[in-house]
Amino acid sequence: MRAENFTSVTQFILVGLSNHRKTQILLFVVILLIYLLTVVGNLVIIMLIQVDSRLHTPMYFFLTHLSSLEICYVTSTVPQMLSHLLAGNGAISFSRCAAQMYIALSLGSTEGLLLGTMAYDRYLAICHPLLYVIAMGRWRQLQLALASWAGGFLLSVMNVGCTLRLPFCGPNHINHFFCELPVVLKLACADTHVTEAVIFGAAVLILLVPLSVILTSYGLILSSVLQMQSASGRHKAFSTCASHLAVVTLFYGTVISMYMRPRSGTATDLDKRIAIFYIVVTPLLNPIIYTLRNKDVHDAVAKVIQRWGLEPKLKH
């Protein structure tokens with residue numbers, strides 16, 4: 001094959017979730033609603049943490065970063081998916097596809113590292129409460145948050161860079177609803193074994209290392225909680241950790257099954273179904289899971305409602 005044929009692909013066609021027009025319209029309505037709820041829910045969490053001084057703690061500092069991350073994450077993929085569902089056309093330029101692939105992978109990688117950081121924070125708070133204030137000072141919080149963001153974006157440069165160095169000469173149909181790295185890689189017109197090994201190695205750093213930190217932290221937390229004398233203290237610790245573990249299970253379970261399972265030669269519909277969970281579902285559930293049984297957040301909501309209720313009366 002001549003060299004000029006290797007650069008023939010200038011755009012990709014995203015197959016999307018369905019080719020049936022009525023199904024596309026239905027999916028557009030449902031996903032738009034989920035997207036709006038996700039953005040509003042995470043914005044509410046950020047707002048509550050900012051206005052209530054009782055929530056100015058390390059746990060809620062990291063939760064602010066997680067909520068901000070989720071808003072960016074869904075916005076990097078869902079608006080384009082909605083546009084394609086409405087138009088019935090999944091065409092995307094090569095450069096836009098590459099940009100989306102990098103941004104989505106970077107944000108997803110950052111979330112993996114940030115969840116590990118949040119588990120470490122909970123371990124210090126519950127198992128070493130006397131040292132917690134010193135060990136998790138403001139500067140340490142900033143260091144851990146910055147390391148999560150920087151690690152996610154830098155590792156993604158390596159992954160996407162290795163992928164984009166490969167030639168893409170056709171076909172150009174992507175069996176997905178956005179440009180996700182493992183699916184795009186399958187369209188390369190060259191041997192991808194080295195690139196797949198690099199991606200797998202990065203996945204170990206981004207997924208398995210933080211997951212090991214999380215499992216170790218919560219194992220130590222469980223041991224410490226069981227030794228607590230106070231029933232209310234045990235209940236509060238279990239409630240907080242249960243919400244974190246729910247997020248971890250949803251996120252890591254689906255992402256690991258996407259990035260670390262053996263790859264087939266062509267993309268399947270299973271890839272799209274798995275991606276729906278960590279692209280659409282998890283960002284919606286995060287604000288719900290973190291606030292549903294959280295007394296501190298409930299008190300913050302009541303305080304804001306009370307304040308808004310009193311302000312009109314004071315004006316009169």
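Here is a short walk through this structure, which is a predicted model.

Let us begin with what the record says. UniProt, in an unreviewed entry, places the feature "transmembrane region" at residues 25-49, 144-168, 197-221, 242-262 and 274-292. Two of these spans can be followed in the model. Residues 197-221 are 100% helix and 0% strand, with their end C-alpha atoms 35 Å apart. In residues 144-168, 84% is helix and 0% is strand, and the end C-alpha atoms lie 38 Å apart.

Helix 1 covers residues 21-51 and holds Val 29. If you look for Ile 71, you will find its C-alpha 5.6 Å from that of Val 39, although 32 residues separate the two in sequence.

The largest nonpolar core has 83 residues, and Val 78, Leu 115, Ile 174 and Tyr 278 have the most contacts inside it. Helix 4, residues 94-127, gives the most to this core, with 14 residues. Take Ile 174 as an example: leaving aside residues up to four places away in sequence, its contacts include Phe 12, Leu 14, Cys 97, Val 183 and Leu 187. Val 78 also belongs to helix 3 (residues 78-87), where Gln 80, Met 81, Leu 82, His 84 and Leu 85 are buried along with it. After helix 3 comes Gly 88, with a positive phi near 75 degrees.

Side chains of opposite charge can pair when their charged atoms come close. The whole structure has 3 salt bridges. In one, Asp 52 pairs with Arg 54, with the closest N and O atoms 3.0 Å apart. Asp 52 is buried because its relative accessible area is 2%, whereas Arg 54, at 47%, counts as partly exposed. Another salt bridge joins the side chains of Asp 121 and Arg 122 at 3.0 Å, N to O, and both residues are buried.

A further salt bridge brings together Asp 271 and Lys 186, at 3.4 Å from N to O. This pair links distant parts of the chain, 85 residues apart: Asp 271 sits in helix 10 (residues 269-292), and Lys 186 in the loop between helix 7 (181-185) and helix 8 (193-226). Both Asp 271 and Lys 186 are buried.

Key. Residues are numbered from 1 along each chain as its sequence is written. This is a predicted model: local features need pLDDT of at least 70, side-chain atom pairs count only at pLDDT 80 or more; totals for chains, interfaces and linings use all residues. Side-chain values use heavy atoms; hydrogens and water are left out. UniProt positions are given in the numbering used here, feature names are shortened, and annotations may be inferred rather than shown by experiment. Helices (H or I, at least four residues) and strands (E, at least two) are DSSP runs, numbered from the N terminus. A nonpolar core is a set of buried Ala, Val, Leu, Ile, Met, Phe, Trp, Tyr and Cys residues joined through side-chain atoms within 4.5 Å. Buried means under 20% relative accessible area, exposed over 50%, partly exposed in between (1.4 Å probe, protein chains only). Contact means heavy atoms within 4.5 Å. A salt bridge is a side-chain nitrogen of Lys or Arg within 4 Å of a carboxyl oxygen of Asp or Glu.
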